[in-house]
Amino acid sequence: MGRIVHIVALVLVLVSFSLAHRGRIVTLDKETANQQVNLGENDELHIKLPSNPSTGYHWYPEYDHRLLELTSKTCKFPEEGRRLGVGRGCITTMTFVSRAEGQSAKIHVRHMRPWEHGQPAREEVTFTVFAEKPFRRFAVEDKSALPQGP
């Protein structure tokens, strides 16, 4: 019985520790593209854009890799309707975390087909992010490799 209590206590401590270091999830889309967002310590930025990969069009982000990291890019179908079929649209979610502190960065996202290089994008959206604090795993003492602000 005592061993079970110790295991449960350990699990509770680990869960509370992980939740204590979790930041916010900041979500942007086309309607909020012109707003600057501030990312605090351990915050994640989710950019959600409508997509239909069956047409060949995908969202391609361009950003300063020294300031931001793209941690995931997914395309999920909306729950409503749950209709399956060819040509069904999805929501592309790109998740970013900051690598720097006190730096501003732009994320320029282009909706295009990968084989149409040199052609104008079908659609373009730009997001501005200010990194107040880096995501915890990028919090380093030596910041000399990072670009300095204006």
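Guide: Of the 150 residues of the protein, 32% count as buried, that is, under 20% relative accessible area, with exposed meaning over 50% and partly exposed in between (1.4 Å probe, protein chains only). This is a predicted model, in which local features need pLDDT of at least 70 and side-chain atom pairs count only at pLDDT 80 or more, while totals for chains, interfaces and linings use all residues. Residues are numbered from 1 along each chain as its sequence is written, and side-chain values use heavy atoms, with hydrogens and water left out.

The accessible surface of the protein comes to about 10,000 Å² (Shrake-Rupley method, 1.4 Å probe), and carbon and sulfur atoms account for 56% of that surface. The protein has one helix and eight strands, taken as DSSP runs of H or I over at least four residues and of E over at least two, numbered from the N terminus. Their order from the N terminus is α-β-β-β-β-β-β-β-β. Among the contacts in the protein (heavy atoms within 4.5 Å) with a separation of 6 or more, 66% involve residues 24 or more positions apart.

As for the charged pairs, the whole structure holds seven salt bridges, each a side-chain nitrogen of Lys or Arg within 4 Å of a carboxyl oxygen of Asp or Glu. One of them joins the side chains of R24 and D43, at 2.9 Å from N to O. R24 lies in the loop between α1 (2-20) and β1 (25-28), and D43 in the loop between β2 (36-39) and β3, so that the pair links distant parts of the chain, 19 residues apart. R24 is partly exposed, with a relative accessible area of 45%, whereas D43 counts as buried at 4%.

A further salt bridge connects the side chains of K133 and E101 (3.8 Å, N to O). Because K133 lies in the segment after β8 (123-131) and E101 in the loop between β6 (90-98) and β7, this pair ties together parts that are 32 residues apart in sequence. Both partners are partly exposed, K133 with a relative accessible area of 38% and E101 with 34%. R113 forms a salt bridge with E116, with 3.4 Å between the closest N and O atoms. Here R113 is partly exposed at 22%, and E116 is partly exposed at 23%.

Next comes the sheet. Four strands form an open sheet with mixed pairing in the order β1-β3-β6-β5, where two strands pair if DSSP finds at least two bridges between them. β1 and β5 (68-76) stand at the edges with a single partner strand each, so one side of each has no neighbour in the sheet. β1 and β3 run parallel and are joined by four bridges, and L28 stands opposite I47 in β3.

Two further residues complete the picture. N52 sits in the loop between β3 (44-51) and β4 (58-62); leaving aside residues up to four places away in sequence, N52 touches Y57, G87, R88 and G89. H111, in strand β7 (residues 103-112), counts as buried at 5% relative accessibility. With residues up to four places away in sequence not counted, H111 touches P50, S51, Y57, H58, W59, A121, R122 and E123.
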